[in-house]
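This report describes how the parts of one protein chain pack together. Please keep the sequence and the structure in view while reading.

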Amino acid sequence: MDLCRTQAGKKDRVDDDEPGEYWRCTAIEPQTRLRVGRGIGQTETQAALALWQQVKQRDAHRNSPPPVLSDGWGGHREAIVEVYGQVPVYSGRGRPPTRKQPVDGWHYTQMVKQRDDKGKLTGVEVRVIYGDNTTIACTGTRTVYVERTNLTSRLMNGRLVRKTLGYSKRVEMLKAACAWEDVVYNFTRSVKTLRTEVYNGDRKWVQRSPAMAAGLTDHLWSLREVLTCVPIPTNSL
């Protein structure tokens with residue numbers, strides 16, 4: 001996504017935001033499709049760092065990251081260490097350590113897609129970045145859900161559509177639009193693969209939203225209900 005640059009004719013305009021290309025990272029829970037966090041930054045690493053800081057804030061009782069599966073991009077490797085890593089205990093010899101390191105028990109897997117010169121997929125390489133022989137079982141090997149939610153984002157949020165005039169002009173408004181999109185997606189949209197079968201007269205299926213599947217609510221919310229019941233703190237955008 002891009003932010004526009006200041007127009008030459010508007011000399012008195014004050015531009016507080018850095019123009020240029022911005023990245024967005026999104027984390028979802030694969031079983032419920034719930035979007036649990038997002039990060040926006042001028043680089044993939046900055047966006048990943050903002051994402052994991054938000055995830056940790058929302059799940060403060062955890063001292064380690066949840067099992068993570070991503071593609072080969074995004075800067076998650078460095079961001080997870082920065083947010084959840086620990087400085088090793090000083091052994092008493094040499095210079096005391098100052099850099100954070102990964103901790104035993106983490107599970108992080110990358111699915112790296114390999115393509116030919118024409119962009120055709122030729123193979124997928126599984127890389128265990130942090131973890132052991134149980135890591136793949138914990139993280140899975142499919143990124144289809146996050147790829148699908150990226151497509152959904154471009155359908156729901158015009159600011160994310162490529163090569164249009166609907167790009168954002170300010171970072172603050174971009175973050176606000178993405179936060180609103182995630183709330184609407186989690187609480188108001190039914191996901192076909194999450195519906196449950198019932199036998200209640202003529203009704204065979206109960207439609208569920210990601211928030212319903214995660215146990216955060218018991219019904220599909222209307223936009224009126226979202227606007228009147230869900231506060232969105234500024235520091236969470």
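Contact means that heavy atoms lie within 4.5 Å. The model is a predicted one, in which local features need pLDDT of at least 70 and side-chain atom pairs count only at pLDDT 80 or more, whereas totals for chains, interfaces and linings use all residues. Residues are numbered from 1 along each chain as its sequence is written, and side-chain values use heavy atoms, with hydrogens and water left out.

**The chain as a whole**

The chain contains seven helices and nine strands. Helices (H or I, at least four residues) and strands (E, at least two) are DSSP runs, numbered from the N terminus. Of the 237 residues in the chain, 33% are buried. Buried means under 20% relative accessible area, exposed means over 50%, and partly exposed lies in between (1.4 Å probe, protein chains only). Among the contacts in the chain with a separation of 6 or more, 49% are between residues 24 or more positions apart.

**Two helix pairs**

Two packed helices are described by the angle between their axes and the distance between the axes. Axes are lines fitted to C-alpha atoms, for helices over the stretch in contact, and angles run from 0 to 180 degrees between N-to-C directions.

| Helix pair | Axes come within | Crossing angle |
|---|---|---|
| α1 and α2 | 8 Å | roughly 40 degrees |
| α4 and α5 | 11 Å | roughly 115 degrees |

Angles under 35 degrees count as roughly parallel, over 145 as roughly antiparallel, 65 to 115 as roughly perpendicular and the rest as oblique. Helices α1 and α2 are therefore oblique to each other. On the α1 side, their contact is made by A48, L49, L51, W52, Q53, V55 and K56, and on the α2 side by H76, A79, I80, E82, V83 and Y84. Sorted by class, the contact of α1 with α2 has nine nonpolar, two polar and two charged residues. In this classification Ala, Val, Leu, Ile, Met, Phe, Trp, Tyr, Cys and Pro count as nonpolar, Asp, Glu, Lys and Arg as charged, and the others, Gly among them, as polar.

Helix α2 spans residues 76-84, and its buried residues are H76, A79, I80, V81, V83 and Y84. These buried residues pack against α1 (44-58), β3 (23-29), β5 (68-71), β6 and β7 (121-130).

Helices α4 (residues 144-156) and α5 (residues 171-188) form the other pair. They are therefore roughly perpendicular to each other. Residues T149, T152, S153 and M156 of α4 meet E181, V184 and Y185 of α5. By class, this contact of α4 with α5 has three nonpolar, three polar and one charged residues.

Not counting residues up to four places away in sequence, T152 touches R35, Y185 and R189.

Q110 is located in strand β6 (residues 108-115). Q110 is buried, its relative accessible area being 9%. The side chains of Q110 and Y108 make a polar contact of 3.1 Å. Leaving aside neighbours within four places in sequence, Q110 is in contact with S70, D71, G72, E125, V126, R127 and I129.

R142 lies in the loop between α3 (135-139) and α4. At 58% relative accessibility, R142 counts as exposed. R142 and S70 are 72 residues apart in sequence, and their C-alpha atoms are 8.8 Å apart in space.

Methods: A polar contact is a pair of N or O atoms within 3.5 Å; within protein, one must be able to donate a hydrogen and the other to accept it, and residues adjacent in sequence count only if both atoms are side-chain atoms.
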